[in-house]
Amino acid sequence: MKEIYPWQKNDWARLQELSKRPPHALLFKGAKGIGKFDLAMNFALSLLCQQPDESGFACGKCSSCHWFEQDSHPDFRLLQSELLSLDGEESDSGKKPSKQISVDQIRGLADFIGMSAHQGGRRVVIIHPAEAMNTNAANALLKNLEEPPQGLLFILVSHKPQQLLPTILSRCLSFTLPAPDMESATQWLAGQGVKNPVEALAASGFSPLQAVQLDEKLGSEERDKLLRAVRQPAALDVFALAEALQKTEQALVVQWLQQWCYDLSSMKLSGKLRYHIGEEATIKKLVEPLAPLSLALLQKHLQMAKREAQHTLNPKLFLESLLFSYCQFVQK
Ligand SMILES: [Zn+2]
């Protein structure tokens, strides 16, 4: 939580300047997927922390930091659309989660705004994304922005500020977050395990956080391909699969296969699964005729393959050999 993204160092320094005399309302604006919300959360945390370090980062140890971690800070409120709060899951009522921030959510702040601060006088409300407020919600918020209570900071996070009411815009100090510089963004992506950071960054429209998601999506499609095939080793077309996966990072393919084989062993020995929950019937059937020893040997084989995967010259050949071994071990 304490970490900011490497391309946000300047933004952080600017915020530290601002925090000496914070305005009543800040508008964090900038492209989607560059970490505006995370920066806002970090800034809120640092404003509320009782002992921030000299760079302004929260200590992570005080009661304020602790409350924040637990989502129970009495001087902090986060307003998001239901869709974001539920992370895309269905709500309890089974209804589709709303994309909007409702007027009731803004009105729900009344008690909070009316109270005085628990700690040191500072309080923070983050609204994310601000453009999710419908007109009624925006008008309700406006009242609060017109008569701001002492020590309360509103942070509106938005990548579509043009959709906000001009009356709201005029009451917020605009804080523009520039697009990340290429170097720190690609370095960060590489650190996240993204295979082709430059391409991923470009494909995502220079939004590092979206680049990671994009990359995961690409990865999962190939993973599905592999998992569909290994379920039926007797019907596995080694050459076709090796061809289909040859552009995927070899170590990643081995890792997926290791997780699969971990579950085969685990099923054989304890009847439990770790990675492929829901595949019980398939895996049970697959391991039934197998000796625990051949599964153990297969895992050992994969460990060696993992090391080899770092420096293979011919991915296709490497995968063919890997898949043939798999088929041999599980069809004994
Ligand atoms: Zn702290």
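**View 1. Strand β4 is covered on both of its faces.** On one side sit Leu152, Phe154, Leu156 and Ser158, on the other Leu153, Ile155 and Val157, and all are buried; a residue counts as buried if 20 or more other C-beta atoms, placed from the backbone, lie within 10 Å of its own. Strands (E, at least two residues) and helices (H or I, at least four) are DSSP runs, numbered from the N terminus. This is a predicted model, in which local features need pLDDT of at least 70 and side-chain atom pairs count only at pLDDT 80 or more, while totals for chains, interfaces and linings use all residues. Residues are numbered from 1 along each chain as its sequence is written.

**View 2. Strand β1 runs parallel to β4.** Look for β1 at residues 25–29, joined to β4 by 5 bridges; strands pair if DSSP finds at least two bridges between them. Here you can find Lys29 opposite Ser158 of β4.

**View 3. Strand β3 is also parallel to β4.** Residues 123–128 form β3, and 5 bridges link this strand to β4. Val125 has Phe154 as its bridge partner in β4. From β3, the chain passes through helix α7 (residues 135–146) to β4 in a right-handed β-α-β crossover, meaning that the path from the first strand over the helix to the second runs clockwise with the strands pointing away from the viewer.

**View 4. Stepping back, the protein chain holds 16 helices and 5 strands.** Buried residues make up 34% of its 332 residues. Its C-alpha atoms fill a box of roughly 75 × 45 × 40 Å along the principal axes.

Key: Buried ≥ 20, exposed ≤ 12 C-beta atoms within 10 Å, placed from the backbone.
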